[in-house]
Amino acid sequence: MYDQDVIERVRAANPIEEVVSQYTPLKNGKGVCPFHDDHDPSFSVSVRKQIGKCFVCMDRAVDVFGFIMMMEKVTFPEAVRILADKKAIKLQELTEEQKKALEKQKRQREILRATAGFYHKQLLEVLDSHAADDDSAKAIEYIQKKGFDKEVILKFKLGMARREGLCDYLIKEGFSETDGIESGVLSAYQGKVREFYEVAIVFPIMVRGEVVSFTGRMLADDAVSKFKHLKGEISYLYNEDVLRDADEVMLCEGPVDTITAEQYGFTAVGILGSQAFKESYLAKFRNVSEVYSCLDADAAGTEGTKKLNDMFFGDIKVIKLPEGMDLNDYFNS
Ligand SMILES: [Zn+2]
């Protein structure tokens, strides 16, 4: 097991065009395929994407590690080692401490996934049974008001939190209260364990298909704020997995507008939290050719749009909503 940072350093030190040309000469990114009896140059390399593919004998493109794995008939760790040796990069196995940190992160992700599953099932049950208790009625009313259909509820794994139930569920699933508190879904308050989301519609935030956090719309009359994010710095966009292969994308405010846009057939991502769009998010858009910003038509939205435009160097298109509306209002009106 190697540290991801080291793997990335090995990758950066071994450009695929350089590695491939040690096995087959490349001309304008093309060469005779080393994997089949080739006479025309069928193997081509994309320097920009750092991948290579033979159009005759390969279904999928490979990166530099995949190429070495095929060429040398070795496993992934062995391929990393071969390429590291070429550049005299020292590979170190993870330290005990790093392994522990990784284990802990894995455990946290498991809790978040279990929590998302629990909340999601609960919401589906409430919607199906038209449960009449106060909290259920609030959840049903919210979903109806936003106009979310079943398809997006399933796709985005929307959930519902009551005042209790999660804690018992997590313990039943083999987690401890401490696990729950560390992951943020439970909190210790005056010696009592409470749930972080009490009466809320809960939106799991997924990255590479994994639940990494939550944001929740609080529904109780005594709720202090409308939206509550799980503790910790927000370093992702809502629904950001679509950025990997979307050509055009709508940039919205928060999960509700994002889901609404998706429900109406657009590809959308949402900015989470009040800190707005961060410089570090720009890299996530490198494969996207057209970005449409669609923030709320209010003072904050106008300000946010101006900032976005600066950050994208003017390379975005702005969708203007009628005064005072957000995207969800617009589609529902
Ligand atoms: Zn081939």
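Author: Start with a rule: axes are lines fitted to C-alpha atoms, over the stretch in contact for helices. The model is predicted. In it, the axes of helix 3 (residues 64-72) and helix 4 (residues 76-86) come within 9 Å. They cross at roughly 105°.

Reader: Why is helix 3 called roughly perpendicular to helix 4?

Author: Angles of 65 to 115 degrees count as roughly perpendicular. The crossing is roughly 105°. Therefore helix 3 is roughly perpendicular to helix 4.

Reader: Which residues of helix 3 and helix 4 meet?

Author: Helix 3 brings V64, F65, I68, M69 and E72. Helix 4 brings F76, A79, V80, I82 and L83. By class, nine of the contact residues are nonpolar, one is charged and none is polar. Glu counts as charged.

Reader: What makes helix 5 and helix 6 roughly perpendicular?

Author: The axes of helix 5 (residues 96-129) and helix 6 (residues 134-146) cross at roughly 85° and come within 10 Å. The range is 65 to 115 degrees. So these two helices are roughly perpendicular to each other. L123, V126 and L127 of helix 5 touch S136, A139, I140 and I143 of helix 6. Six of these residues are nonpolar, one is polar and none is charged.

Reader: How do you know that helix 10 is mostly covered?

Author: A residue is buried if 20 or more other C-beta atoms lie within 10 Å of its own. In helix 10 (residues 254-263), ten of ten residues are buried. Among them are G254, D257 and E262.

Reader: What follows helix 10?

Author: G265 does, with a positive phi near 95°.

Methods. Residues numbered from 1 in each chain as written. Predicted model: local features only at pLDDT ≥ 70, side-chain atom pairs only at ≥ 80, totals over all residues. Axes fitted to C-alpha atoms, helices over the stretch in contact; angles between N-to-C directions. Helix = DSSP H or I, 4+ residues; strand = E, 2+ residues; numbered from the N terminus. Parallel < 35°, antiparallel > 145°, perpendicular 65-115°, else oblique. Contact = placed C-beta atoms within 7 Å. Buried ≥ 20, exposed ≤ 12 C-beta atoms within 10 Å, placed from the backbone.
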